[in-house]
Amino acid sequence: MDEEPPPDSVEWPITNEVDLHAFRASEVPELLPEYFSECRKRGIFTVRVIHGKGTGTLREGVHRLLDQMPEVASWQWPAGTQSGGWGATWVWLKSGDDVAAG
């Protein structure tokens with residue numbers, strides 16, 4: 001018999017894009033590191049983070065977090081007109097070996 005996940009657990013597909021519109025700003029510092037870790041396990045090293053345009057509060061929080069994350073090689077904002085412009089940021093992740101080396 002297969003075990004079902006707890007009712008409050010949601011399976012989130014891991015792709016090269018994460019849309020933060022469904023999350024509170026307070027959830028992002030826990031969400032992004034976990035999401036990036038799963039991306040790296042799957043060989044995904046370029047991720048588009050959609051934070052929206054809004055007031056800029058979420059975007060600024062995301063950018064501060066990206067600057068502190070050792071697994072982030074670099075990031076680019078705005079993402080470009082075909083990729084969400086001011087409402088998205090491209091993130092390039094380091095491979096596992098690169099993170100261990102610093």
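How many of the 5 residues of strand 2 (residues 46-50) are buried? In this predicted model, local features need pLDDT of at least 70 and side-chain atom pairs count only at pLDDT 80 or more, whereas totals for chains, interfaces and linings use all residues. Residues are numbered from 1 along each chain as its sequence is written, and side-chain values use heavy atoms, with hydrogens and water left out.

The protein contains 3 helices and 4 strands, where helices (H or I, at least four residues) and strands (E, at least two) are DSSP runs numbered from the N terminus. Their order from the N terminus is β-α-β-α-β-β-α. Of the 102 residues, 34% are buried, that is, under 20% relative accessible area with a 1.4 Å probe and protein chains only. The accessible surface, computed by the Shrake-Rupley method with a 1.4 Å probe, is about 6700 Å², and carbon and sulfur atoms contribute 51% of that area. Among contacts (heavy atoms within 4.5 Å) with a separation of 6 or more, 58% link residues 24 or more positions apart.

Strand 2 is mostly covered, with 4 of its 5 residues buried. Pairing requires at least two DSSP bridges between two strands. Strand 2 runs parallel to strand 1 (residues 17-19), to which 3 bridges join it; D19 has I50 of strand 2 as its bridge partner. The chain passes from strand 1 through helix 1 (residues 28-41) to strand 2 in a right-handed β-α-β crossover, meaning that the path runs clockwise from the first strand over the helix to the second when the strands point away from the viewer. With strand 4 (residues 88-93), strand 2 forms an antiparallel pair over 5 bridges, in which V47 stands opposite V91 of strand 4.

How values were computed: Buried < 20%, exposed > 50% of the residue type's maximum accessible area, 1.4 Å probe, protein only.
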